[in-house]
Amino acid sequence: MYKDILDHIANNAHVIGFLGILLIVVPSIIILLLQTLFYLKGRRYVDRIKGTNIDGLISIIVPIRREPIEILDEGFKHIYSWSIRDHIEVIVVSDDEPEDLPSIREVIEKWKDKGLNIHFIWRSIPRGFRTGALNVGLYASKGKYVYIMDVDSRVHESYYMKAIEMIKNGYKAVVGRWHGRNKDTRLAEALSVSMDYIVDSIYRGRASLNLPVMPVGTGTLYLRNYLLNELGGWDENRIQDDMEIGTRILRKGGKIGFIDSTNIFVEVPRRLKSFRIQQERWAYGATDVVIARFWDIVLSDQPLYSKLETILFLLQYLPVLTTFIGALLVIISLFFGFDVFHKYWFIGLPWIMAMILYGGSYIDSQIRRGKPFYRALVNLGRITAATTAISITISKAMLKAFFRQPFVYKRTPKGKHETMFSSLRFPVEILFLALLTISAIYGLLNGTPYTSGWLLFYSLAYYYSIIRWGKDLLFK
């Protein structure tokens, strides 16, 4: 029986290899070209929002769980420094363990005594995780506007004045420009740089084309009554609160605005393990939303091209999954003597061109911010390596979402928690690297140099990650 299976695979090695190269190339080309187009269009975008007087209370909901107490204290200090704090109420919703509550209450009482309008809610049963906490804060809020704030994010008070002006002009939610707060490790620097480019393209670029932008987890001001009465709060069955609520706003014909002139400073992961936890949650969450809210998108009043682009936006992690699966198929065809990258070299040309255009736009975004060409190129390489190194984790998360499997919510480690390691994990990335390397060597020895060369090129990201972040691959 096994011989029959092997014979069948051998007879269809060219089909398997062709499917593999299509999975590697086609989704990647689409996403790369779209982001490049958005970036080029977004360069001409001008934010003309000047701001207006605050005409009502702003409820800032702060969901917390296992947050370092010093970061919590710094977050309240930041809010207290605003000249508009008399227009602010802070609602802290905690999912922490009972033993952690005294230190949290101590910090809250400290800032309440200073005059900050702050309230504390503890959920003994964290139903719905983050989305559940947001709903508790929403129903407890008294403001005209609602803002979700992570404890490690920072925003200038002028953002609220500009966002309120847009809401007065008919928007239901307004997104600020994300910007990395920290660049204190190689990975953090690369992530901060990449965040600038992502906002330049899929937020500023999409806004310039009048395509809908999606809310972000921290950095979006909402009209409270609209959230409460029209949408009924967040869907507690979804873990990606921002994209989920965004699709329902679009379904009801609501507009979501974007402010490019005010930064929302957010802390980016410093270690690969934190990046892996964050991206696993985001990949699952975005895929889950596109499935659960597919008909909300299709039945919305957007033009057809806008609906398709919204679906592609939610499927932005798809090239990671298809490249991983494609690589496995290419390896199978290679072991049966088929050099797919030699046979179908012409398919790779548009892929190479798309990567060059994308890389050029990425570097251009950094040069415009005063970064030297070499530094921009280095950071492009780092973020590519880091993303490739966690591609198995992202692929697994997406497959779980596609097959509607439950997902255990994990918060991205911050502060002291980011440097802590717990138990060992199975380093599946190293196992996959061994497969890539062995396959490439086998192919070089057996007359398939083009496919072998691509496998070696693909494996470089894993070698780099082992050298730079080996401990993060071995420990949770």
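Predicted model: local features only at pLDDT ≥ 70, side-chain atom pairs only at ≥ 80, totals over all residues.
**Figure 1. Asp339 in the loop between helix 13 (318-335) and helix 14 (340-343).** Asp339 is buried and yet has no salt bridge, for the nearest side chain of opposite charge, that of Lys343, is 11 Å away. What does the side chain of Asp339 reach at 3.2 Å? The side chain reaches the backbone nitrogen of Tyr450 at that distance of 3.2 Å, and a polar contact of 2.6 Å joins the side chains of Asp339 and Thr451. When residues up to four places away in sequence are left out, Asp339 touches Gly447, Thr448, Pro449, Tyr450 and Thr451.

**Figure 2. Glu74 in helix 3 (residues 69-80).** Is Glu74 buried or partly exposed? Glu74 has a relative accessibility of 41% and therefore counts as partly exposed, since that class lies between the limits of 20% and 50%. The C-alpha atoms of Glu74 and Val151 are separated by 8.1 Å, although these two residues are 77 residues apart along the chain.

**Figure 3. The salt bridge between Lys110 and Asp73.** Side chains of opposite charge can pair when their charged atoms come close. The count for this model comes to 32 salt bridges. In the salt bridge that Lys110 forms with Asp73, the closest N and O atoms are 3.2 Å apart. Lys110 belongs to helix 4 (residues 101-113) and Asp73 to helix 3, so the pair ties together parts that are 37 residues apart in sequence. Lys110, at 36% relative accessibility, counts as partly exposed, and Asp73, with a relative accessible area of 21%, is partly exposed as well.

**Figure 4. The salt bridge between Arg127 and Glu236.** The closest N and O atoms of Arg127 and Glu236 are 3.0 Å apart. This pair links distant parts of the chain, 109 residues apart, with Arg127 in the loop between strand 3 (118-122) and helix 5 (129-140) and Glu236 in the loop between helix 8 (224-230) and helix 9 (241-251). Arg127 has a relative accessible area of 58% and is therefore exposed, whereas Glu236, at 25% relative accessibility, counts as partly exposed.

**Figure 5. The salt bridge between Asp200 and Arg177.** In this pair the closest N and O atoms are 2.6 Å apart. Are the two partners buried or exposed? Asp200 counts as buried because its relative accessibility is 1%, and Arg177 counts as buried because its relative accessibility is 5%.

**Figure 6. A network of salt bridges.** Salt bridges that share partners join Asp235, Arg238, Glu244, Arg248, Arg251, Asp288, Arg293, Asp296 and Arg404 into one network.

**Figure 7. The largest nonpolar core and Ile60.** In soluble globular proteins, nonpolar side chains tend to be buried together. The largest nonpolar core of this model has 138 residues, and those that touch the most other members are Ile58, Ile60, Phe76, Tyr147, Tyr160, Tyr203 and Leu221. The largest share of this core, 11 residues, comes from helix 7. Not counting residues up to four places away in sequence, Ile60 touches Ile79, Trp82, Ile88, Glu89, Val90, Ile91, Tyr147, Met149 and Tyr160.

**Figure 8. Aromatic pairs and an aromatic cluster.** A pair of aromatic rings is described by the distance of the centres and the angle of the planes. The count for this model comes to 29 aromatic pairs. The rings of Tyr159 and Tyr160 have their centres 5.3 Å apart and their planes at 70°, so this pair is edge-to-face, and both Tyr159 and Tyr160 are buried. Tyr284 and Phe407 form a stacked pair, with 4.6 Å from centre to centre and 20° between the planes. Tyr284 lies in helix 10 (residues 272-292) and Phe407 in the loop between helix 17 (391-402) and helix 18 (428-445), so the pair ties together parts that are 123 residues apart in sequence. Both Tyr284 and Phe407 are buried. One aromatic cluster is formed by Phe324, Phe341, Phe432, Trp454, Tyr458 and Tyr462.

Conventions
Residues numbered from 1 in each chain as written. Heavy atoms only, no water. Helix = DSSP H or I, 4+ residues; strand = E, 2+ residues; numbered from the N terminus. Buried < 20%, exposed > 50% of the residue type's maximum accessible area, 1.4 Å probe, protein only. Lys, Arg positive; Asp, Glu negative; His and termini not counted. Salt bridge = Lys/Arg side-chain N within 4 Å of Asp/Glu carboxyl O. Polar contact = N/O pair within 3.5 Å; in protein donor to acceptor, adjacent residues only side chain to side chain. Contact = heavy atoms within 4.5 Å. Core = buried A, V, L, I, M, F, W, Y, C linked by side-chain atoms within 4.5 Å. Phe/Tyr/Trp six-rings, centres within 6.5 Å; stacked < 30°, edge-to-face > 60°.
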